[in-house]
Amino acid sequence: MPELSQETERGRAVLPFGAAEVRGPSMVPTLCHADRLLVHWGARVRPGDVVVLRHPFQQDLLVVKRATERRDGGWWVLGDNAFAGGDSTDYGVVPEELVLGKVRFRYRPPAPGRRSPLAAVRWALSAVRPVAADRSVSRRLRAR
């Protein structure tokens, strides 16, 4: 399941937007390991949104999942990678207060060692993508 870096928690209290880093494969193909995210803390969540939440059983662990539907008591969240697990099929409905924010954009860090101007332009054109609520759109914009 994607974990988020510890810097995420520290920056959340000051600004409504913050950065996070994905760790793990559960949101592939929409998000990949080492993708960076722009998170809108406290944003209104709708079905289909990719969200950052506290793990229901390990509250010090932040995870990123897709909020699929509202249910009694909170949100049903799923990873886009059905084979990775670590979502509501394992731990049930996530209480509303554990859903912290909505992911607005994902961006890839530049590859190490690629310093040519052409490589920089190619990275700039492909690195930043919106994370849409519609799963089919997110798949078309996945990291390459």
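1. Buried here means under 20% relative accessible area. Arg66, at 4% relative accessibility, therefore counts as buried. The model is a predicted one, and the points below should be read with that in mind.

2. Overall make-up. The chain holds four helices and seven strands, and their order along the sequence is α-β-β-β-β-β-α-β-α-β-α. Of its 144 residues, 43% count as buried. Among contacts with a separation of 6 or more, 54% are between residues 24 or more positions apart. The accessible surface of the chain is about 8,100 Å², and carbon and sulfur atoms make up 55% of that surface.

3. Nonpolar cores. The largest nonpolar core has 14 residues; the members that touch the most others are Leu31, Leu37, Val39, Val50, Val52, Val64 and Val103. Two or more residues come from each of β2, β3, β4 and β6 (99-107). Strand β2 contributes the most, with three residues. Another core lies apart from this one and has twelve residues, including Val45, Leu53, Leu61 and Val63.

4. Arg66 and Asp80. These two residues form a salt bridge in which the closest N and O atoms are 2.8 Å apart. Arg66 is in strand β4 and Asp80 is in the loop between β5 (74-78) and α2, so the bridge ties together parts that are 14 residues apart in sequence. Is Asp80 buried or exposed? Asp80 counts as buried because its relative accessibility is 5%.

5. Arg70 and Glu96. Here the closest N and O atoms of the salt bridge are 2.5 Å apart. Arg70 belongs to strand β4 and Glu96 to the loop between α2 and β6, so the pair joins parts that are 26 residues apart in sequence. Glu96 is partly exposed, with 37% relative accessibility, and Arg70 is partly exposed as well, at 49%.

6. Glu21, Arg23 and Arg36. Salt bridges with shared partners join these three residues into one network. Within it, the side chains of Arg23 and Glu21 meet at 3.0 Å, N to O. Glu21 is buried, with a relative accessible area of 14%, whereas Arg23 is partly exposed at 37%. The salt bridge count comes to six.

7. Aromatic rings. The count of aromatic pairs is one. The ring centres of Phe57 and Tyr91 are 6.3 Å apart and the planes stand at 85°, so the pair is edge-to-face. Phe57 is in the loop between β3 (50-54) and β4 (62-71), Tyr91 is in helix α2 (residues 88-91), and the two are 34 residues apart. Phe57 is exposed, at 61% relative accessibility, while Tyr91 is buried, at 10%. Separately, Arg71 lies over the face of Trp76, at 4.1 Å from the ring centre.

8. Backbone details to check. Most residues other than glycine have a negative phi, and most peptide bonds are trans. Which peptide bond is cis? The bond from Val28 to Pro29 is cis, with omega near 15°. Pro29 is in the loop between β1 (17-21) and β2 (36-41). Ala34 is also placed in the loop between β1 and β2. The phi of Ala34 is near 80°, a positive value in a residue other than glycine. At 23% relative accessibility, Ala34 counts as partly exposed.

Methods: Residues numbered from 1 in each chain as written. Predicted model: local features only at pLDDT ≥ 70, side-chain atom pairs only at ≥ 80, totals over all residues. Heavy atoms only, no water. Buried < 20%, exposed > 50% of the residue type's maximum accessible area, 1.4 Å probe, protein only. Phe/Tyr/Trp six-rings, centres within 6.5 Å; stacked < 30°, edge-to-face > 60°. Lys NZ or Arg CZ within 6 Å of the ring centre and 35° of its normal. Contact = heavy atoms within 4.5 Å. Areas by Shrake-Rupley, 256 points an atom, 1.4 Å probe, with all protein chains shown as cover. Core = buried A, V, L, I, M, F, W, Y, C linked by side-chain atoms within 4.5 Å. Salt bridge = Lys/Arg side-chain N within 4 Å of Asp/Glu carboxyl O.
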